[in-house]
2 protein chains.
Amino acid sequence: MPNKPCLAIDLGGTKILTALVSPQGEVVTRKLFPTDAQAGPDDVINRALSSLEQVLYQASLNTTGIEGIGIAVAGPLDISRGIVTTSPHLPGWDNIPLRDIIKQKFNVPSFLIHDASASALAEHRFGAGKGTKDMLYITISTGIGGGIITGGKLYVGTSGTAGEIGHMTIVTNGPQCTCGNRGCWEMFASGTALAREAKKRINEGAQSSILKLAAGNIENITAKTVSDAAEDGDALALELVEQLGVYFGIGLANLINIFNPEMIVIGGGLSKMGSLLLAPAYRTAAERAFPISMEKASIVSSKLSDDAGVIGAATYVIDRIAELS
Amino acid sequence: MPNKPCLAIDLGGTKILTALVSPQGEVVTRKLFPTDAQAGPDDVINRALSSLEQVLYQASLNTTGIEGIGIAVAGPLDISRGIVTTSPHLPGWDNIPLRDIIKQKFNVPSFLIHDASASALAEHRFGAGKGTKDMLYITISTGIGGGIITGGKLYVGTSGTAGEIGHMTIVTNGPQCTCGNRGCWEMFASGTALAREAKKRINEGAQSSILKLAAGNIENITAKTVSDAAEDGDALALELVEQLGVYFGIGLANLINIFNPEMIVIGGGLSKMGSLLLAPAYRTAAERAFPISMEKASIVSSKLSDDAGVIGAATYVIDRIAELS
């Protein structure tokens with residue numbers, strides 16, 4: 001059984017979280033960096049490599065002191081080949097062998113994993129889903145991602161890209177998504193959707209404190225602005241968050257009918273809105289899903305929050321090494 | 001390892017298939033009965049019990065000669081309690097403890113399983129999906145059902161009702177489904193949808209040989225009438241089957257994005273249309289799903305056809321007995 005810590009990196013569209021994680025899932029050291037995705041793949045990869053070196057140095061370790069490196073990234077991956085095929089949040093990435101780049105640099109076992117799969121694994125092993133058999137993890141932030149646990153084990157699919165639940169069509173003739181599909185769930189139930197709807201309504205003349213929170217500039221409106229306004233009781237913001245919750249519930253109902261899960265763990269930035277978002281989502285799911293499946297599904301908030309990705313990526317390394325040895 | 005055959009029953013909305021199945025998945029004896037679902041639960045249950053007795057008698061066996069009985073039924077089930085909670089195709093069924101009714105009558109181990117899960121298990125063990133790890137089985141007939149194999153094992157969810165893929169919303173504000181949800185996939189991509197659209201178009205004045213095949217009576221139009229007309233080259237029928245295929249492909253894309261499966265096995269009455277249905281479905285899925293997941297997914301026809309349900313129900317009995325002993 002591996003017993004040294006792992007390095008783990010959660011490479012997102014806006015930030016890179018790099019950490020040293022114990023085999024018990026504890027974050028020993030963590031550092032946060034901006035991704036600066038617009039700078040392109042070479043730059044982002046250099047920043048990622050440097051972040052790993054810094055965390056290792058900060059923990060006074062060298063590579064003999066770690067089991068390996070876990071790399072969590074969004075977007076469709078080919079995990080068996082360790083390749084980031086494309087990523088909606090990392091412009092310019094096209095079939096980049098990220099795992100091997102990191103492996104060659106540090107010369108330790110390295111594994112690539114979908115970020116939402118990593119979070120699912122972490123929440124299942126150490127977080128809200130401990131002890132469950134059939135669990136889904138859903139992150140709702142800029143987009144929607146999913147991680148799947150079946151029979152107590154992480155399910156990643158044939159090439160490791162399972163869980164792209166955000167790109168499930170819920171409106172057949174809906175708007176075009178960056179993924180190429182139309183009417184994807186995340187076009188209606190993500191932070192991007194929330195900000196877009198707020199801009200649209202304010203452009204149409206709706207009165208709201210959202211604009212004040214965005215310093216009077218419509219272009220500054222983000223999901224955070226809308227959610228802050230909703231928490232302050234702004235009528236338009238409350239309406240938009242309610243609508244977001246309803247759309248979120250429609251996808252939840254689909255997943256409850258498909259997976260009949262024991263638990264759904266909700267994480268990601270927007271989940272921090274709590275019941276403002278989750279109450280309409282839950283109500284809508286209950287209206288739409290099969291009652292027996294709805295009854296069995298506990299819908300709960302993430303316990304590990306922003307650390308779920310690195311904890312899961314490290315846990316994945318430990319699991320894979322144990323499996324391969 | 002259990003080595004006697006099993007009795008198995010596949011209780012559908014229109015027919016009951018009862019069979020004796022060897023541990024190697026061979027159908028030794030089979031008998032087909034009409035369900036006559038309109039007669040209500042008591043009548044259907046009596047017919048099911050009688051069908052099991054008849055197959056046993058025909059095989060010159062008594063209950064000591066079988067391992068147990070597998071019972072495949074559509075609709076949301078609670079398999080741990082052996083209960084058919086409701087069934088869209090069995091009017092009047094409400095929390096019926098079908099497993100225990102059969103168990104008490106025959107006094108052998110008896111297990112309830114979702115019919116599409118049974119078919120998935122059969123196709124995975126003995127049919128088209130042999131040797132795959134991550135496989136979906138989809139039946140397209142009156143409705144749409146699904147069975148799920150993850151990591152080489154049947155996945156049934158927490159109460160055994162996983163795989164209700166036909167009730168995934170693909171049109172958010174779509175028409176009301178009998179399940180209570182709106183815009184379900186099977187409202188657009190099932191035999192029921194095909195017949196409904198044909199009736200509607202002919203009522204609106206469309207010319208087609210469909211009506212002739214239905215003996216001049218619009219009410220006689222079924223999915224079979226439309227599919228026969230399409231095979232004869234009727235323009236309206238071809239258009240409707242193409243449209244059905246497109247809708248079928250939209251749901252396929254969702255499942256390919258969610259599961260990243262190695263294989264999707266398509267069964268059920270409508271799948272017998274072959275490429276008339278599957279070509280537009282495949283094309284649509286390829287337009288909508290993530291390329292990496294689409295590439296990895298082989299979409300193939302069922303090998304065990306109408307016997308998949310009974311073979312799977314019997315296999316489930318063998319698996320459960322081995323697991324429990």
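1. Basis of the model. The model is predicted: local features need pLDDT of at least 70, side-chain atom pairs count only at pLDDT 80 or more, and totals for chains, interfaces and linings use all residues. Residues are numbered from 1 along each chain as its sequence is written, chains are lettered from A in the order in which they are written, and side-chain values use heavy atoms, with hydrogens and water left out.

2. Confidence. For the complex, the predictor gives an ipTM of 0.96 and a pTM of 0.96.

3. Symmetry. Chain B is superposed on chain A by a rotation of 180° with 0.0 Å of shift along its axis, at an RMSD of 0.0 Å (least squares on the C-alpha atoms of residues with pLDDT of at least 70 in both copies). That is the relation of a two-fold axis. The copies meet through the same surface, because 98% of the interface residues of chain B are also interface residues in chain A.

4. Extent of the interface. Contact (heavy atoms within 4.5 Å) joins 45 residues of chain B to 44 residues of chain A. The two chains bury about 3,700 Å² between them, 55% of it on carbon and sulfur atoms; buried area is the accessible area (1.4 Å probe) that two parts lose on being put together, summed over both. In chain B, I258(B), R288(B) and F290(B) lose the most area to chain A, together 19% of what that side buries.

5. Polar and charged pairing across the interface. Between the chains there are 31 residue pairs in polar contact, both residues at pLDDT 80 or more (N or O atoms within 3.5 Å, one able to donate a hydrogen and the other to accept it; residues adjacent in sequence count only if both atoms are side-chain atoms). The count of salt bridges between chain B and chain A is one (a side-chain nitrogen of Lys or Arg within 4 Å of a carboxyl oxygen of Asp or Glu). D78(B) and K296(A) meet in a salt bridge at 4.0 Å, N to O.

6. Salt bridges overall. Over all chains the count comes to 27 salt bridges. Among them, D307(B) pairs with R30(B) at 2.8 Å, N to O.
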